[in-house]
Amino acid sequence: MSTEEIKLTNDNYNKGQFFIDSADYKLEDVIDAQYKLLSDLYLDISNSILPEIVNQLQEMKDGALLSGEDSGMENVWEEICVQIQNEKSFEWPMYVITIEGIIEKELDKLPHSFKQVISYMSGLNDEPDMTGYFAHHAIESIKDDLFSVAMNYSNQRIEDYLYG
């Protein structure tokens, strides 16, 4: 398609002249396709930042561990995995504060439109008309994704701690 054809198409679209007859598609199909597209984009964005969040938690060792020296845990990420898979400790709120801070910093690195997608998709069930970027929604959504990863993550130290 040439530039003129593209411009003509956009001009016609902006004037409300559509090339597709409304009988050719159903609104539900369009909405389903849009939701799928946004959902896939959300997953791509989330999957692109989750490894960095996990990496930062894995780098937190020694003085940052709250489970005690005899736990066998090597880093904060392992402590989080154990608590998600088993039972949350008294110190759990400290882990959550740390996690939310890391997530917030990672979200700050993203383009605004990516943050909007995360925020929109996270609030879709609660506030379907919500647009814009709401950091709290985005942080909660990525935190849920991180906890899903933690629920399924394991290594020998985690196994030893959980099943001794």
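Modeller: Before we start: contact means heavy atoms within 4.5 Å. On that basis Ser 46, leaving aside its neighbours within four places in sequence, is in contact with Ile 142 and Asp 145. The model is a predicted one.

Biologist: Where is Ser 46 found?

Modeller: Ser 46 sits in helix H2, which covers residues 27-59.

Biologist: Is Ser 46 buried or exposed?

Modeller: Ser 46 has 2% relative accessibility, so it counts as buried. The cut-off for buried is under 20% relative accessible area.

Biologist: Let me step back to the whole chain. How many helices and strands does the secondary structure come to?

Modeller: The protein chain has seven helices and zero strands. Read from the N terminus on, the elements are α-α-α-α-α-α-α.

Biologist: What percentage of the residues in the protein chain is buried?

Modeller: Of the 164 residues in the protein chain, 31% are buried. The chain exposes about 10,900 Å², and carbon and sulfur atoms supply 52% of that area.

Biologist: And what share of the contacts with a separation of 6 or more comes from residues 24 or more positions apart?

Modeller: Residues 24 or more positions apart account for 60% of those contacts in the protein chain.

Biologist: On to helix packing. At what angle do the axes of H3 and H4 cross?

Modeller: The axes of H3 (residues 76-85) and H4 (residues 92-108) cross at roughly 125° and come within 11 Å. H3 and H4 are therefore oblique to each other. The crossing of H3 and H4 is left-handed.

Biologist: Which residues make the contact?

Modeller: H3 contributes Val 76, Glu 79, Ile 80, Gln 83 and Ile 84, while H4 contributes Trp 92, Tyr 95 and Ile 99. By class, the contact of H3 with H4 has six nonpolar residues, one polar and one charged.

Biologist: What does Gln 83 touch, not counting residues up to four places away in sequence?

Modeller: Gln 83 touches Lys 88, Ser 89, Trp 92 and Tyr 95. Trp 92 and Tyr 95 are among the H4 residues in the contact with H3.

Biologist: What about Trp 77: buried or exposed?

Modeller: Trp 77 is found in helix H3 as well. Its relative accessibility is 0%, so Trp 77 counts as buried.

Biologist: Which residues is Trp 77 in contact with, leaving aside neighbours within four places in sequence?

Modeller: The partners of Trp 77 are Val 54, Leu 57, Gln 58, Leu 146, Val 149, Ala 150 and Tyr 153. Trp 77 and Leu 57 are 20 residues apart along the chain, and their C-alpha atoms are separated by 4.9 Å.

Biologist: Now the loop between H2 and H3. What is the phi of Asp 62?

Modeller: Asp 62, which lies in the loop between H2 and H3, has a positive phi of about 40° although it is not a glycine. With a relative accessible area of 69%, Asp 62 is exposed.

Biologist: Next, H6. How do the axes of H4 and H6 cross?

Modeller: The axes of H4 and H6 come within 10 Å and cross at roughly 115°. H4 and H6 are therefore roughly perpendicular to each other. H4 passes H6 in a right-handed crossing.

Biologist: Who makes that contact?

Modeller: From H4 there are Trp 92, Val 96, Ile 99, Glu 100, Ile 103, Glu 104 and Leu 107. From H6 there are Ala 138, Ile 139, Glu 140, Ile 142, Lys 143, Leu 146 and Phe 147. By class, the contact of H4 with H6 has 10 nonpolar, no polar and four charged residues.

Biologist: And H5 against H6, at what angle do the axes cross?

Modeller: The axes of H5 (residues 112-123) and H6 (residues 135-152) cross at roughly 80° and come within 8 Å. That makes H5 roughly perpendicular to H6.

Biologist: Which residues in H5 and H6 meet?

Modeller: Ile 118, Ser 119, Ser 122 and Gly 123 in H5 meet His 137, Ala 138, Ser 141 and Ile 142 in H6. By class, the contact of H5 with H6 has three nonpolar residues, five polar and no charged ones. Ile 142 is also one of the residues in contact with Ser 46.

Methods: Residues numbered from 1 in each chain as written. Predicted model: local features only at pLDDT ≥ 70, side-chain atom pairs only at ≥ 80, totals over all residues. Heavy atoms only, no water. Axes fitted to C-alpha atoms, helices over the stretch in contact; angles between N-to-C directions. Helix = DSSP H or I, 4+ residues; strand = E, 2+ residues; numbered from the N terminus. Parallel < 35°, antiparallel > 145°, perpendicular 65-115°, else oblique. Left-handed = near helix turned anticlockwise from the far one by under 90°. Nonpolar A, V, L, I, M, F, W, Y, C, P; charged D, E, K, R; others polar. Buried < 20%, exposed > 50% of the residue type's maximum accessible area, 1.4 Å probe, protein only. Areas by Shrake-Rupley, 256 points an atom, 1.4 Å probe, with all protein chains shown as cover.
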